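The following note sets out several points for a colleague who is examining this model. Each point can be checked against the coordinates.

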Amino acid sequence: MPELTRRSVLAGSAAAGLTLLASRGVASAAPRRVPTTREEHRVVVVGSGFGGGVTALRFAQAGIPVLVLERGKRWVAGPGLDTFPSFRTGLDERIAWKNSLAAPLAGPLNSVHALLGLIGPGGNPLGLPSPLAGPHLGLLERVAGNGMDIMCAAGVGGGSLAYQGMSLQPTRPLFEATMPAGLDYDELDRVHYPRVAQMLRLATAPDSIVETPNYTTPRTFARRTQAAGYAVEKVPMPLDWSYAQRELDGEMPPSMSNGDCGFGVNNGGKNSVDVTYLAQAEATGRVTVAAQHEVTDVVRLGDGRWQLLVDRLALDGTVLEHKVVTTTALVMAAGTAGTVRLLMRAQQRGGIPDLPDGLGEGWGSNGDRICVWLGPGEELTMPQGGPVVYCSKEWDDPATANTIIQASIPPLPQVPVTMVVGYGISEGRGRFRWDHLRDDAVLDWSPFADARLATRIRTRMAEITGPGALVLDTTTPAPSTWHPLGGAAMGSVCDLEGRVAGQRGLYVLDGALIPGNTAACNPSLTIAAVVERATDRLLATDAGTVF
């Protein structure tokens, strides 16, 4: 297409998007007028999780100003605070992002019920408080798909707010079985994995804590795992375990030590991205984190710059302001679901019509199996200290490599129940496609995609929990994952540094960049290490030329 015509098409797309934005504001809030403002920035990062946090800090340290757009709010934790929803103070609208949990809570037993601990007789969820419904800017979003739902977090810090925190590094054979050949494991092992570990201040649970009555259930998991003939080890966690000790000593309300931390650690003992990477980034004076700013559309302008349409939101979901943000460099770090859906929307609406053909493909669940362990007679006691203490790795063969962990659940009556979670290497992949009826990109996933891995994980779980136990795999009746990966992966959409092919100044630096699996490990550590490596190279090559 000739340049002039191409520019005309793109300009028309941008104008149409602004017209739609303005009309939507008038229609949804009439007679209130929603103001529209314009901003220009050198670098804009969409999303504030591991990818966005790493990028913001490293760019700022190199002297580059960065605007971070985060759709969710700030969640400020600390001793005695009640920031995150918890069982101690009651479940409320803080749980759900814009009512997205209503459907899974009304459906069959699934990972949302397991996380909430709302399991009644026969596996039916107990009654839920009505404040869960509504357009609030809560913590968790369910992104509905065909065959698989994605669970993701909203807030400054992204997924690090709600993840349990297991931070495992794969071995070289597992890494090389799942990652592109150009990624040098030796370099990541020597430089970038340790850098992330230092930033997150990873530590395992001290024996003095694990030996307390609150941590009976983790000890039961370790004992039964060893009895089944499997090795067990402590998991590095981004936690200050002294907070758990202070809880046990009665110095602050319980959060970690009683498992009431599935929606975030209220006492402030978690080293999430907001209090590590982003706090250091903001301290440079070069980073602005704009919370409650939701990006709705992306357009490439005729001059090669990038334009974002952004809604500034109130906590109840009301649009307070429309913003048109223009930038030279755009880093997509909105998480797999957020990044892929925004890019596919831009492709469908003509904002970025020539994105790579592989966009939306190569998506994987990291092999997640989220299960409930009912163990009559076992020492699965309440309260359950957590979030996670032990894991069991079966990593000798990359073809069947998997990890199983026990995760605490919130305080319940004395019922012998806990969670066991497995994940591992799987070649199963899904893809996003554009659904014109929903006007959104929707994930398609086969129920048999991870079948071989699922069989191995279930076999190991059965051996660990023993013949008298019942293990309910919530992933089968209501498939969901907390570890979505791919959709804009290295090798098909992006290069190893996250540059989107054919799109100067457009980068993907989050879980969407990872090709579907992180080698029998939780994704967070590897995502952060890959982005640490990418930003090193981008600052050496693109800074000063592209942006």
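**Notes on the predicted model**

1. With a relative accessibility of 0%, N366 counts as buried, because the cut-off for that class is under 20%. The model in which this holds is a predicted one. N366 sits in the loop that runs between α11 (335-348) and β10 (369-374). Its side chain reaches the backbone oxygen of C521 at 2.9 Å. Beyond neighbours within four places in sequence, the contacts of N366 include Y423, G424, H483 and L485, and also G516, N517, T518, C521, N522 and P523.

2. Phi of A519 is near 60°, a positive value in a residue other than glycine. A520, likewise not a glycine, has a positive phi of about 65°. Most residues other than glycine have a negative phi. A519 counts as buried because its relative accessibility is 1%, and A520 counts as buried because its value is 0%.

3. The bond from M382 to P383 is cis, with omega near -5°, and the bond from G386 to P387 is cis, with omega near 5°. P383 lies in the loop between β10 and β11, and P387 is found in the loop between β10 and β11 as well. Most peptide bonds are trans.

4. Six strands make up an open sheet with antiparallel pairing, in the order β5-β11-β12-β13-β10-β16. Its edges are β5 (233-234) and β16 (470-473), each of which pairs on one side only. β10 and β16 pair over four bridges in the antiparallel sense. Within β16, L472 stands opposite V372.

5. Which helices pack against these strands? Helix α8 (residues 216-227) lies across β10, β11 (388-394), β12 (402-407) and β13 (417-424), and runs at about 20° to β11. Helix α12 (residues 451-465) packs on the sheet and touches β10, β11, β12, β13 and β16. The direction of α12 makes about 50° with that of β12.

6. Helix α9 (residues 241-248) has W241, Y243, A244 and E247 as buried residues. These lie on the same side of α9, because they cover an arc of only 150° around the axis. The elements that cover the buried residues of α9 include α7 (207-210) and β11. Just after α9, G250 takes a positive phi of about 80°.

7. The largest nonpolar core has 87 residues, of which V43, L308, L330, L506 and V508 touch the most other members. Helix α13 (residues 523-541) contributes the largest share of this core, eight residues. A second, separate core of 50 residues includes Y230, M382, C391 and I464.

8. L330 gives a local view of the largest nonpolar core. Neighbours within four places in sequence aside, L330 is in contact with V44, V46, V298, W306, L308, G505, L506 and Y507. Among these contacts, L308 and L506 are also named with L330 as residues that touch the most other members of the core.

Definitions and conventions
Residues are numbered from 1 along each chain as its sequence is written. This is a predicted model: local features need pLDDT of at least 70, side-chain atom pairs count only at pLDDT 80 or more; totals for chains, interfaces and linings use all residues. Side-chain values use heavy atoms; hydrogens and water are left out. Helices (H or I, at least four residues) and strands (E, at least two) are DSSP runs, numbered from the N terminus. Buried means under 20% relative accessible area, exposed over 50%, partly exposed in between (1.4 Å probe, protein chains only). A polar contact is a pair of N or O atoms within 3.5 Å; within protein, one must be able to donate a hydrogen and the other to accept it, and residues adjacent in sequence count only if both atoms are side-chain atoms. Contact means heavy atoms within 4.5 Å. A nonpolar core is a set of buried Ala, Val, Leu, Ile, Met, Phe, Trp, Tyr and Cys residues joined through side-chain atoms within 4.5 Å. Two strands pair if DSSP finds at least two bridges between them. Axes are lines fitted to C-alpha atoms, for helices over the stretch in contact, and angles run from 0 to 180 degrees between N-to-C directions. The arc is that of the directions from the helix axis to the C-beta atoms.
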